[in-house]
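Have the sequence handy as you read.

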Amino acid sequence: TGLPRAPEQEAVVFEKADLAFKVEPAKKRLVGDATLTFRALRPVDALVVDLDRNFRVASVEVDGKPVPAGTWKNPEGRMAVPLSAPLAEGGRATLRIRYAGQPHIAKRAPWEGGFVWAKAPTGEPWIASAVQGNGCDLFWPCIDHPMGEPEEVVQHVSVPAPLVAAGNGVLQGMDEKDGWRTYHWKTRNPDTYAISLNIGPYELLQAD
């Protein structure tokens with residue numbers, strides 16, 4: 001979205017984003033659970049990601065340990081999570097953020113971005129993200145900069161059955177339980193703004 005990276009963002013390599021999304025069409029609501037792995041290029045004492053303020057953060061963990069709510073901050077959508085001890089060069093840390101809320105609705109997709117909540121011609125929900133101009137932070141915690149791309153992204157997208165969630169990369173499988181379908185996708189070296197959600201009554205085409 002045009003902002004420079006924070007010094008803490010410049011000090012790390014974004015190795016992996018493991019993203020679980022539950023999309024609730026009736027409420028136009030998104031529930032997210034993001035596990036982000038970083039490797040330090042030089043010593044760093046905090047992890048900094050971008051996450052839109054439309055979301056309420058339920059919990060934050062670093063390497064499996066809860067971070068008290070009073071110690072992390074998210075002013076203007078740039079979230080800073082202090083580390084209990086500085087991360088040395090070459091060290092890794094995993095940041096987990098659980099959050100939920102109603103993402104921005106796209107006023108004029110894709111130029112004024114956000115989420116599109118619509119109906120397919122046959123009446124089913126049709127939902128798409130359009131964040132090319134506004135940034136990945138509109139629905140997942142990321143480094144919203146071309147130099148902050150993750151090396152690998154795994155997505156677990158849960159939608160009401162029988163909807164289909166098309167995703168980035170290669171489909172790893174689908175689970176169905178209690179009226180929900182979860183689609184698993186995996187991709188390497190994606191553009192951050194290109195990570196997307198596309199949900200509707202799609203049909204699967206397969207070929208060798």
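Strand 1 (residues 12-24) runs parallel to strand 10, and seven bridges hold the pairing together. Within it, Leu 19 has Gln 155 of strand 10 as its bridge partner. Keep in mind that this is a predicted model.

On to the other neighbour of that strand. Strand 10 (residues 152-160) is joined to strand 13 (residues 180-188) by nine bridges, and here the two run antiparallel. Gln 155 turns up again, this time opposite Trp 185 in strand 13, while Val 157 faces Tyr 183 across the pairing. Is strand 10 mostly covered or mostly open? Mostly covered: eight of its nine residues are buried.

Here are the strand pairs side by side:

| Strand pair | Bridges | Direction |
|---|---|---|
| strand 1 and strand 10 | seven bridges | parallel |
| strand 10 and strand 13 | nine bridges | antiparallel |
| strand 9 and strand 14 | two bridges | antiparallel |

The last pair in the table comes from an open sheet of four strands, ordered 8-9-14-11 with antiparallel pairing. Strand 8 (114-119) and strand 11 (164-166) each have a single partner strand, so one side of each lacks a neighbour in the sheet. From one strand to the next, the twist averages 15°. Where strand 9 (residues 125-130) meets strand 14 (residues 198-200), Ala 128 stands opposite Asn 198.

Definitions and conventions: Residues are numbered from 1 along each chain as its sequence is written. This is a predicted model: local features need pLDDT of at least 70, side-chain atom pairs count only at pLDDT 80 or more; totals for chains, interfaces and linings use all residues. Side-chain values use heavy atoms; hydrogens and water are left out. Two strands pair if DSSP finds at least two bridges between them. Axes are lines fitted to C-alpha atoms, for helices over the stretch in contact, and angles run from 0 to 180 degrees between N-to-C directions. Buried means under 20% relative accessible area, exposed over 50%, partly exposed in between (1.4 Å probe, protein chains only).
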